[in-house]
Amino acid sequence: MAKKNYLKRGFKAKAERISNKFRAELGLEFNQPLCGFELAKHLNIEVMSPEILGLDNQQLDVLMGNSKESSGWSALTMTNYNDKKIIIHNTRASEARQQSDLMHELAHIICEHEIVVPKGVVLPSYMRYYDRNQEAEAEYLGSALQLPRECLVWALTTGNMSKKEISTNYSASLQMVNYRINTTGIRKQIKYIRA
Ligand SMILES: [Zn+2]
C-alpha cells in the first residue's frame, strides 16, 4: 500500500475533501457509498472491458485470470483520439476489487497525472508508467474515494458497523477497510472496532 513519504504535505486532507465533494456533486450524503462506475460517468470517462482491445479468449485469460479468485491485472487508463480518457479494467475481478481498481484509475485522472507510455509497449506492462509519487497519490485518493475518513468514522460509531459490515456496505475489501482504518489514524479516536 501507499508509502507515506511519497505523499506531499496536505495531500491526505485534500483527498478527503475531493472525496466528500464528489459525494455531494452526485447528490449523496457523506456516509453513502460512492460507486466507481457512477463517478466515472459523472466525470465523463468511459469504462470498458479489455475485449475492445481485440484480444482472444486465451489472451483475456492471461490478462484477467479466468476466475474471480485469480488476482490478474487491474486496470489502465488510455487517452483516445478525441483526447478523452478511457479506463479499461478487469471485469472478472470481484466487485470490491473492481471498485478499488476504478477508483485508483479515476484518482490518477482527477490528479491530472501524466501517463508516459514508451513507444512499442504492449499490454499488460502498460500500467506501470506513473512515477512513485503519482502511484502513492492514486493509492491514497482512490481509497479515500471509496471510504472517506468522515464516512469511516460515522460507520464505526453512529452507524455501529463492524469491519465486515463496512466492507459489504461500501463494496470495499476487508483489506481496504483495514488499510483505511490504519492510514486515517482513526484508531486513536475510536477505541473499540468490531471485526
Ligand atoms: Zn496507478
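From the N terminus on, the elements of this chain run α-α-β-α-β-β-α-α-α-α-α, in a model that is predicted. The chain has 8 helices and 3 strands, and buried residues make up 31% of its 195 residues. Among the contacts in the chain that link residues at least 6 apart in sequence, 67% join residues at least 24 apart.

**Helices α1 and α5**

- Helix α1, which covers residues 11-25, packs with helix α5, which covers residues 132-146, at an angle of about 40°, and the axes of the two helices are 9 Å apart.
- That angle makes α1 oblique to α5, and α1 passes α5 in a right-handed crossing.
- On the side of α1, the residues that meet α5 are F11, K12, A15, E16, I18, S19 and F22, while α5 contributes E137, Y140, L141, A144 and L145 to this meeting of the two helices.
- By class, the contact of α1 with α5 has 8 nonpolar residues, 1 polar residue and 3 charged residues.

**Helix α8 and what covers it**

- Helix α8 spans residues 174-183, and within this helix M176, V177, R180 and I181 are buried.
- Seen down the axis of α8, its buried residues fall within an arc of 135°, so they line one face of the helix.
- The cover over the buried residues of α8 includes α4 (95-110), α5, α6 (149-156) and α7 (163-169), and α5 is also the helix that packs with α1.
- After α8 comes G185, a residue whose phi is positive, near 70°.

- Although R97 and A172 are 75 residues apart in sequence, the distance between them in space is 7.4 Å, taken from C-alpha to C-alpha.
- W73 has its place in the loop between α3 (57-64) and β2 (75-79), and this loop residue counts as buried because it has 21 C-beta neighbours inside 10 Å.
- W73 and V62 are 11 residues apart in sequence, and from C-alpha to C-alpha they are 8.8 Å apart in space.

**Two loop residues with positive phi**

- Most residues other than glycine have a negative phi, and the residues in this group can be read against that background.
- D83 is not a glycine, yet its phi is positive, at about 70°, and its place is in the loop between β2 and β3 (85-89).
- D83 is exposed, because 6 other C-beta atoms lie within 10 Å, and a residue is called exposed when that count is 12 or fewer.
- N160, also a residue other than glycine, has a positive phi near 50°, and N160 is found in the loop between α6 and α7.

How values were computed: Residues numbered from 1 in each chain as written. Predicted model: local features only at pLDDT ≥ 70, side-chain atom pairs only at ≥ 80, totals over all residues. Axes fitted to C-alpha atoms, helices over the stretch in contact; angles between N-to-C directions. Helix = DSSP H or I, 4+ residues; strand = E, 2+ residues; numbered from the N terminus. Parallel < 35°, antiparallel > 145°, perpendicular 65-115°, else oblique. Left-handed = near helix turned anticlockwise from the far one by under 90°. Contact = placed C-beta atoms within 7 Å. Nonpolar A, V, L, I, M, F, W, Y, C, P; charged D, E, K, R; others polar. Buried ≥ 20, exposed ≤ 12 C-beta atoms within 10 Å, placed from the backbone. Arc of directions from axis to C-beta.
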